[in-house]
Amino acid sequence: MKTLIAVLLAVLFSLPSRAEEPNLLSGKFTREQLRNVLIPQAKWTPFPKREDRAGWARADPAMMKAYIQKAEPYLNYEWPHIPATKSLLIVRTGDRDEYQTVSFRKREVLGTLLLAEIAENKGRFVDAIVNGVWSICEESFWGVPAHLPRSKEISGLMDVSKPFVDLFAAETATYLAWVDYFLGDKLDAISPQIRKRIYHETSHRIFEPLMAEKPHGWMVANAAGRAPNNWNPWICSNWLNAVLLLEKNETKRAEGVAKVLWVLDQFTNPYPADGGCDEGPSYWGAAAASLFDNIALLNTASNDAFTYVYADEKIKNMGRFIYRAQISDRYFLNFADADPQPVMSATMIYRYGKAIGDPDMMKFGAYYRQPEDGSIGRFHYFRNFYALFMQDEFRKAPQGLPLPKNVWLPDLQVFVARDQEGTTNGFYVAAKGGHNDESHNHNDIGNYVVYYDGQPLLIDVGRGTYTAKTFSGQRYDIWYNCSDYHNLPTINGKTQLPGREFQAASVAYKAADAYTQFNVDFAPSYPKEAGVDAWQRIIRLNRGKNVQIEDVVRLREARSLTQHLMTCYPAEVTKPGEVVIHYGPKGGTARDFVVKYNPAQFQPTVEKVALKAPEDKGIIAKWGDTIYRINFQALKPKPADKFSFVIAGR
């Protein structure tokens with residue numbers, strides 16, 4: 001009876017409740033209060049109007065000069081038409097890049113021209129901007145074919161009678177909205193049809209679909225209960241830009257903002273309290289960071305009525321994740337689809353850190369400050385305007401990388417440990433529990449990575465090039481999404497399966513001066529056919545010495561067993577009990593590391609992974625053609641056994 005009660009209580013407390021959903025953003029103001037809080041559209045000046053030259057004199061002159069230089073070659077830019085056959089490639093070959101390259105380039109050119117015209121204010125770039133606006137408005141779809149619904153009716157071409165909003169349709173609205181804001185008078189002098197069309201197209205393609213009663217799928221949890229991912233705050237940030245800038249009807253404007261706040265709470269409410277981003281650091285820049293973008297813009301539009309959000313501990317932790325997930329200046333944790341070397345949006349990170357009062361995050365952002373060359377970035381266009389007015393402070397800001405000694409994210413079930421705080425010297429190890437229905441999921445429960453002196457040794461390969469296959473029913477036909485191409489075992493010929501029910505158990509964490517240890521049982525992540533009752537893995541950093549992996553195994557049957565290790569360096573079996581990895585990092589010191597194992601238990605072999613598929617292009621771009629898998633095949637599998645692997649320098 002006591003056991004039954006305990007189970008019922010566990011289920012009860014695991015279920016979401018309204019009390020656990022604070023609605024931090026949408027719960028503060030009623031609709032009427034929100035309308036009164038928002039600065040009216042006609043009076044709102046988030047940044048100086050173009051003709052306010054005294055205001056623009058405060059912008060960074062080096063950035064302004066760089067924008068002009070970058071834009072001058074675009075004065076005679078031929079705005080390309082995107083043919084239907086490029087859109088059809090997503091269903092014909094799976095390629096998404098040909099279409100996206102043209103689409104993204106057009107928006108980059110438009111954004112650069114706008115900044116150049118603001119900087120110079122002589123009308124030199126206006127005709128090119130008008131051509132860009134008209135060309136983009138004539139596109140059948142502002143998004144990308146990879147995001148089109150998968151149906152026979154659509155089949156690679158947009159149904160223009162049923163607009164829906166993806167990431168890049170929303171991004172497009174932002175570009176056009178800022179053109180309208182800064183150049184409205186010049187556009188009207190040419191023809192009143194230009195601004196009229198900007199509003200018409202944005203209202204038809206963005207505002208009306210997003211205000212419909214039935215929510216877009218990215219707004220809310222899916223049918224299986226998976227919480228919204230980065231699409232939610234990223235799209236909201238662009239939706240918010242557009243509705244605040246373009247909507248002159250104050251009732252509609254307030255209703256649009258209210259809907260944005262409600263949608264953002266669908267993202268924020270279920271977000272883990274530890275701030276952990278299961279999409280990884282490279283997606284954090286459009287997840288928690290995009291939530292910050294929304295809050296920052298809301299504050300400019302409401303005389304700082306939303307600054308209270310920054311005091312929330314979850315919001316603070318969501319920001320801190322980016323430096324807690326750092327390995328070295330170049331490398332970051334890249335579980336699932338995350339990139340091992342993401343680009344840091346330095347000014348945004350600094351601003352986020354300043355908003356939540358975190359000096360470490362501010363130093364981290366300042367560390368990644370780059371000389372201005374006129375590049376506006378591919379996405380999050382509005383961040384450039386904030387950057388223009390903060391450079392004096394940014395240049396003088398202290399720089400540094402926190403590089404914490406230990407990080408434990410209990411909700412995400414990720415641990416990080418390094419030999420020494422504040423430096424990349426020595427070993428770094430990280431591992432994860434969680435479940436196999438994370439956003440951008442890989443089947444990787446119990447996976448770990450080992451770095452040395454800030455450079456990779458045992459790796460998570462991460463993702464390659466996105467194709468039609470990536471987000472389809474064939475996702476787990478791609479090798480790097482599967483557990484047998486992670487630092488995990490194949491058990492009785494079976495690998496981990498995707499789904500929320502395939503999850504970690506018995507997760508524990510312990511940190512001391514001499515060591516940090518992470519325990520996880522990943523048996524529940526394998527199918528029943530694997531015959532595994534328990535697989536308790538202990539990952540331990542012995543500071544200044546080695547990394548130790550201990551597996552305690554209980555199987556219902558033991559037909560076959562292979563442990564896998566992934567590395568980006570050549571490896572060889574030098575003698576029984578030792579596999580040597582020839583660590584040769586770019587810009588680092590080459591040396592050998594040894595993986596010690598029990599030769600009575602395993603026979604290791606080393607294979608070089610063939611990178612030939614379209615998806616593998618991204619792997620080569622990140623790692624080179626240097627992916628190796630070390631396979632430790634069990635000689636005599638037993639139903640109950642213990643395995644030990646030790647990674648150390650020679």
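Helix H15 (residues 346-356) has buried residues, and what covers them includes helix H12 (281-284), helix H13 (288-300), helix H14 (313-324), H16, H17 and H18. Before going on, a word on the model. It is predicted, with local features needing pLDDT of at least 70, side-chain atom pairs counting only at pLDDT 80 or more, and totals for chains, interfaces and linings using all residues. Residues are numbered from 1 along each chain as its sequence is written, and side-chain values use heavy atoms, with hydrogens and water left out.

Some terms. Helices (H or I, at least four residues) and strands (E, at least two) are DSSP runs, numbered from the N terminus. Buried means under 20% relative accessible area, exposed means over 50%, and partly exposed is in between, with a 1.4 Å probe and protein chains only. Contact means heavy atoms within 4.5 Å.

Back to H15. How many of the 11 residues of helix H15 are buried? The count is 9, so H15 is largely enclosed by the rest of the structure. Here are the buried ones: Ala 346, Thr 347, Met 348, Ile 349, Tyr 350, Arg 351, Tyr 352, Gly 353 and Ile 356. Just after H15 comes Gly 357, with a positive phi of about 70 degrees.

Next, helix H4 (residues 61-71). Its buried residues are Met 63, Met 64, Ala 66, Tyr 67, Ile 68 and Ala 71. They pack against helix H3 (53-56), H6, helix H17 (383-388) and helix H18 (391-396).

That brings us to H6. Helix H6 (residues 97-120) meets helix H8 (residues 167-190). Their axes come within 11 Å and cross at roughly 25 degrees. Axes here are lines fitted to C-alpha atoms, for helices over the stretch in contact, and angles run from 0 to 180 degrees between N-to-C directions. H6 and H8 are therefore roughly parallel to each other. On this scale, angles under 35 degrees are roughly parallel, over 145 roughly antiparallel, 65 to 115 roughly perpendicular, and the rest oblique. The crossing of H6 and H8 is left-handed: the near helix is turned anticlockwise from the far one by less than a right angle, whereas clockwise would be right-handed.

Who meets whom? From H6 the contact includes Phe 104, Arg 107 and Leu 110; from H8 it includes Phe 168, Thr 172 and Tyr 175. By class, the contact of H6 with H8 has 11 nonpolar, 2 polar and 3 charged residues. Ala, Val, Leu, Ile, Met, Phe, Trp, Tyr, Cys and Pro count as nonpolar, Asp, Glu, Lys and Arg as charged, and the others, Gly among them, as polar.

Now the sheet. In what order do its 8 strands stand? The order is E9-E10-E11-E12-E19-E16-E15-E14, in an open sheet with antiparallel pairing. Two strands pair if DSSP finds at least two bridges between them. Strand E9 (505-511) and strand E14 (571-575) stand at the edges, each with a single partner strand, so one side of each has no neighbour in the sheet. On average, neighbouring strands are turned by 15 degrees against each other, direction ignored.

Look at strand E19 (residues 640-649). It is joined to strand E12 (residues 546-555) by 8 bridges, running antiparallel. Strand E16 (residues 591-596) is joined to E19 by 4 bridges, also antiparallel. Ile 647 in E19 is the bridge partner of Val 547, and Val 595 stands opposite Ile 647 too. Strand E11 (residues 532-542) and E12 share 10 bridges and run antiparallel. There, Arg 537 stands opposite Asp 551 in E12.

One more strand residue: Glu 578, in strand E15 (residues 578-583). Glu 578 counts as buried, at 14% relative accessibility. Its contacts beyond four places in sequence include Glu 572, Lys 596 and Arg 650.

Finally, the loops. Is His 380 buried or exposed? His 380 is buried, with a relative accessible area of 10%. It lies in the loop between helix H16 (359-367) and H17, and has a positive phi of about 55 degrees although it is not a glycine. Ser 155 also has a positive phi, near 50 degrees. Ser 155 sits in the loop between helix H7 (126-137) and H8, and is partly exposed at 35%.

Last stop: Glu 615, in the loop between strand E17 (602-608) and helix H19 (617-623). Glu 615 is buried, at 7% relative accessible area. Leaving aside neighbours within four places in sequence, Glu 615 is in contact with residues including Gly 464, Lys 469 and Tyr 480.
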